[in-house]
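Open the structure in your viewer and keep the sequence panel beside it. The stops below say what to select and what is there.

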Amino acid sequence: MSYQVLARKYRSATFDELVGQEAVAATLKNAILSNRVHHGYLFTGTRGVGKTSAARILAKALNCLGFDQPTVTPCRACEPCRRIAEGEDIDVVEIDAASNTGVDDIRILRGNAAFRPARCRFKVYIIDEVHMLSTNAFNALLKTLEEPPEHVKFILATTEIQKVPATIQSRCQRFDFRALPPARIGEQLDRILQSEQIRAESEVVKRIARLANGSMRDALSLLDKVLSFGGNELTAGLLDELLPPALDEWSYDLVDTLAAGDAAATLLKLDEAVGTGQTLDRIVDLLIEHLRKLMVVRVCGQDTELLDAPEHLRARFAQQAAAFDPPVYVFMVTLLEELRRALRSSGAGRSLADAAMVRLAMAPQFTDIRKLLAAAPADRPAAVADRPAPSSDRSAASAQPPTRLAGPAASTASGAGVAAASAEKKNWTPRPSSRSA
Ligand SMILES: [Zn+2]
């Protein structure tokens with residue numbers, strides 16, 4: 001028998017199997033039981049959290065021929081049940097809006113919708129990534145959504161709800177699919193491993209669950225990858241070889257050292273990540289992404305749609321984000337972006353990275369210096385952000401604007417970049433007061 005990827009093999013097939021989406025499942029079941037199924041649904045949520053599975057389950061519930069009316073427990077055996085599960089039923093049409101974005105596609109759909117279903121009770125249109133539709137296509141869809149034929153149901157799914165026009169949203173019943181907390185993903189992984197008769201150290205499961213970032217599908221692809229190497233016994237050691245360590249915790253820790261202004265600890269943290277075999281490129285990417293999230297939360301608040309993160313992580317981001325003012329984030333992200341560029345052209349990547357870490361740890365001070373300089377525009381050089389790349393001094397390639405600016409304040413700063421890399425980290429004292437809460 002050919003190998004079937006886990007995400008397919010273990011796709012939820014009933015409402016009760018919809019892992020982590022209990023509220024959605026309960027509401028849909030209620031709608032079916034009370035004969036109040038809406039003509040249009042909008043499923044939103046990050047990828048791999050069960051939107052398409054839920055859409056197929058609903059389609060089966062409406063069309064299962066094992067019962068003479070819609071049911072909350074489709075039989076999974078009749079022809080429609082089986083075809084719908086594979087995404088290829090004649091009456092349940094799945095459209096990927098990413099590749100069918102045009103108005104013509106929607107016109108064809110509207111033409112077909114007028115005809116009664118071939119054998120099922122309802123024609124169901126599942127439109128994936130619906131936010132990808134063109135404006136004209138949305139307008140065409142809107143007309144059908146306003147007055148759909150009795151026998152038609154629409155299930156629209158999207159990962160980017162903010163790109164779905166309000167007119168469409170208002171005509172659908174919206175369900176928000178939650179990103180899954182690592183614990184839930186872990187439970188599901190355990191169940192699957194058990195039924196696959198594979199033994200795995202609990203550390204393995206935990207780490208895959210964390211790496212999956214809220215997406216069950218990503219968790220299963222990772223597990224597939226590990227299984228293809230590991231046979232029937234998964235150990236943490238094997239995982240170290242195959243998957244990057246879950247640096248999410250590391251990112252939090254590193255930012256904590258920055259918030260404490262503890263450059264020595266920051267350097268140790270960097271060393272720790274490098275020691276796991278991560279490339280500097282990836283480490284920098286990861287840090288930029290983490291700081292970006294903190295910045296977004298700091299500026300927009302923890303409920304912002306700009307942040308793609310599950311509830312429990314939002315609170316955590318918000319907590320950490322308070323450590324710095326928004327300008328400090330801007331400064332840090334800019335600095336890392338410059339480091340990323342410098343890494344590509346330099347053979348001294350590690351030195352540059354170390355220097356950048358020390359500068360990050362002193363970021364609150366640097367941004368304060370900027371404020372001081374801004375207050376005295378007379379001797380202020382051109383905007384710090386667009387100074388030319390330094391050519392003479394390599395250690396400055398990861399760019400520290402304030403070091404070259406002026407006076408006594410700057411000398412403290414410029415010395416520190418290198419000094420702290422040696423044992424002289426007590427030469428300067430971070431000023432906690434420069435950070436605001
Ligand atoms: Zn059935």
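pLDDT is the predictor's confidence in each residue, from 0 to 100. This is a predicted model, in which local features need pLDDT of at least 70 and side-chain atom pairs count only at pLDDT 80 or more, while totals for chains, interfaces and linings use all residues. Residues are numbered from 1 along each chain as its sequence is written.

**Whole chain.** Colour by pLDDT: the chain average is 82, and 81% of the residues score at least 70. Helices (H or I, at least four residues) and strands (E, at least two) are DSSP runs, numbered from the N terminus. There are 19 helices and 7 strands in the chain. Among its elements, α3 has the highest mean pLDDT (97) and helix α19 (residues 407–419) the lowest (37). Now select 377–437, where the pLDDT is below 50; this stretch has 83 contacts in the model beyond near neighbours in sequence. A contact here means two C-beta atoms, placed from the backbone, within 7 Å. Where pLDDT is low, the predicted coordinates should not be read in detail.

**The sheet.** Show the five-stranded open sheet, whose order is β2-β3-β4-β1-β5 with parallel pairing; strands pair if DSSP finds at least two bridges between them. At its edges are β2 (92–96) and β5 (173–176), each pairing on one side only. Strand β1 (residues 40–44) runs parallel to β5 and is joined to it by 4 bridges. Select Thr44 to find Asp176 of β5 opposite.

**The cores.** A nonpolar core is a set of buried Ala, Val, Leu, Ile, Met, Phe, Trp, Tyr and Cys residues joined through C-beta atoms within 7 Å. Buried means 20 or more other C-beta atoms within 10 Å of a residue's own, exposed 12 or fewer, partly exposed in between, with C-beta atoms placed from the backbone. The largest core has 66 residues, and those with the most contacts inside it include Phe43, Leu58 and Leu156. Helix α3 (residues 51–63) supplies the largest share of this core, 7 residues. Which residues touch Leu156, leaving aside neighbours within four places in sequence? They are Tyr41, Leu42, Phe43, Ile127, Val130 and Cys172. Finish at a second, separate core of 36 residues, including Leu270, Leu291, Ala321 and Ala342.
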